[in-house]
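User: I have a structure open and would like to go through it step by step. Could we begin with a single residue and then widen the view?

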Amino acid sequence: MRFLFIEQSALWPVNSGHKQLMASFIEGLSEMGHTVDLFILDRVFNEPQKAKEWEKFGGKIFYHSLQMDYGKVPAFLLKWGNRLFGDEHFLVETASLERYKKALNLVCKAENYDTVFCNFVYNFPLISAVPSTIKTLLMEYNHQSQIEIDLANKLQLSPIMRVFYRNQAERLKQYERKAHQEAKRVLYISKEDQKVFIGVDQSSDVFYPPMKPATLRKTDFSFKNALLYSSDLSRNVNRDSLMWFLAQVWEELKAKFPQLTLYVTGNAPESLKSWAKGYHGVEFTGFLSEVKLEELAVNCDAFIAPIFSGSGIKIKILWAMSLGLPVVTTPKGAEGIEIVPGKDFELADNPNLFYKKLRNLLEDDHLRKKYAESGKSIIEMKYSEVKSLKYFLEISA
């Protein structure tokens, strides 16, 4: 089969949960003999090294830059777009949507695809440009409206700003609902996400995200004095999570385990590194290749995910479980993943509990091994790459 994936940006380097999921997804389809092309809206995609990463998949790239259209949007709106509208792409999209639709329509007619696949809320309006002879699939796993609701509930916001974000959430929800109605089929990667839109499209399915089998797996559960936090720290939600952990949990944990090191991988702003200098034992590794990241992970004792906002499945948690790494996370971090606290992972929703769960885990080799084995079972049963891709191909036919 021939697929066209619509992406907001290039999938490399693989420095976020979304990119990790999609890179694994596309690689799996390619290995099964299917062709996957990309239609990318990325204003920085003209870097040659990025294009080279795609060569191994054998597909084509159709690149349409947002850069050309920034001149159509007043500068002050671009400057404040992220603060006022959630993302500047909404503003650029208003100025350039018709051009993107025209380009996508021409590509679809020229390439004769079986299915066009779209998985990012800002790209959903493009679906209407796909010829009716081609099947369209939406994958909803990060409904932006929930992020706005989380912002509205933050205590430091004024009553006026809370109202603003709640109104913004409702606008985004309507935006998503309209796109769902235009697609031939909608896939949800968790039952929680499906509940948000279940009344919109009856041809909806729960599609468990395909997790690529890990090259390495943790087998040595002796105490390593090491924790891992891996994320794209350029995003506010991830940066806030790390700062919360360091300010609320780390010092007490460090007092209990003086030799403990927290390895933080992924893109990290210099301002964050500077802020974290006051916390001993925190090591920022920067972006690591897949091989080096797995090597580091299997030599850590646990994976932390102190997430308090956002929506959809947190792919980084599934990734950690696939490596046999015990996970300590919050209710928001575990949201959408079919796992049981105390059986498959440790759950904590406040600093004191987060500290206690981590302390118990670090003191007990057998407990860490238990969670590793349970995580492996969960991945094999629910998130197997082979099972997920087989199901995807069935509904794409």
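User: Where is Leu242 found?

Analyst: Leu242 is found in helix H8. Helices (H or I, at least four residues) and strands (E, at least two) are DSSP runs, numbered from the N terminus. Please note that this is a predicted model, in which local features need pLDDT of at least 70 and side-chain atom pairs count only at pLDDT 80 or more, while totals for chains, interfaces and linings use all residues. Residues are numbered from 1 along each chain as its sequence is written, and side-chain values use heavy atoms, with hydrogens and water left out.

User: Is Leu242 buried or exposed?

Analyst: Leu242 is buried, with a relative accessible area of 1%. Buried means under 20% relative accessible area, exposed means over 50%, and partly exposed lies in between (1.4 Å probe, protein chains only).

User: Which residues is Leu242 in contact with, leaving aside its neighbours within four places in sequence?

Analyst: With those neighbours left aside, Leu242 is in contact with Tyr229, Leu233, Leu262, Val264, Leu272 and Phe284. Contact means heavy atoms within 4.5 Å.

User: What about H8 and H13, at what angle do their axes cross?

Analyst: The axes of helix H8 (residues 236-256) and H13 cross at roughly 40° and come within 10 Å. Axes are lines fitted to C-alpha atoms, for helices over the stretch in contact, and angles run from 0 to 180 degrees between N-to-C directions. The angle makes H8 oblique to H13. Angles under 35 degrees count as roughly parallel, over 145 as roughly antiparallel, 65 to 115 as roughly perpendicular and the rest as oblique.

User: Which residues make that contact?

Analyst: On the H8 side they include Trp244, Phe245 and Leu253. On the H13 side, Phe354, Tyr355 and Leu362 are among them.

User: New topic: how many aromatic pairs are there?

Analyst: The count comes to 18 aromatic pairs. Rings of Phe, Tyr and Trp (its six-membered ring) pair if their centres lie within 6.5 Å; planes under 30 degrees apart count as stacked, over 60 as edge-to-face and the rest as tilted. One of these pairs is Phe207 with Phe392, which is tilted because the ring centres are 5.8 Å apart and the planes stand at 45°.

User: Where in the chain do Phe207 and Phe392 lie?

Analyst: Phe207 is in the loop between strand E7 (204-206) and strand E8 (226-230), and Phe392 is in helix H15 (residues 385-396). The pair links distant parts of the chain, 185 residues apart. Phe207 is buried, with a relative accessible area of 0%, and Phe392 also counts as buried at 0% relative accessibility.

User: And what kind of pair do Tyr208 and Tyr383 form?

Analyst: Their planes are at 90° and their ring centres 5.5 Å apart, so the pair is edge-to-face. Tyr208 lies in the loop between E7 and E8 and Tyr383 in the loop between helix H14 (365-382) and H15, so the pair ties together parts that are 175 residues apart in sequence. Both Tyr208 and Tyr383 are buried.

User: Which residues do ring pairs link into a cluster?

Analyst: The cluster consists of Phe3, Phe5, Phe25, Phe117, Phe207, Tyr391 and Phe392.

User: Now for charges. How many salt bridges are there?

Analyst: The count comes to 13 salt bridges. A salt bridge is a side-chain nitrogen of Lys or Arg within 4 Å of a carboxyl oxygen of Asp or Glu. One of them joins Lys212 and Glu27 (3.2 Å, N to O). Lys212 is in the loop between E7 and E8 and Glu27 in helix H1 (residues 17-31), 185 residues apart. Lys212 counts as partly exposed at 28% relative accessibility.

User: What about Glu346 and Lys357, how far apart are N and O?

Analyst: In that salt bridge the distance from N to O is 3.4 Å. Glu346 lies in strand E13 (residues 346-347) and Lys357 in helix H13 (residues 351-363). Glu346 is buried, with a relative accessible area of 8%, whereas Lys357 is partly exposed at 24%.

User: Finally, how many helices and strands does the chain have?

Analyst: The chain has 15 helices and 13 strands. Buried residues make up 56% of its 397 residues.
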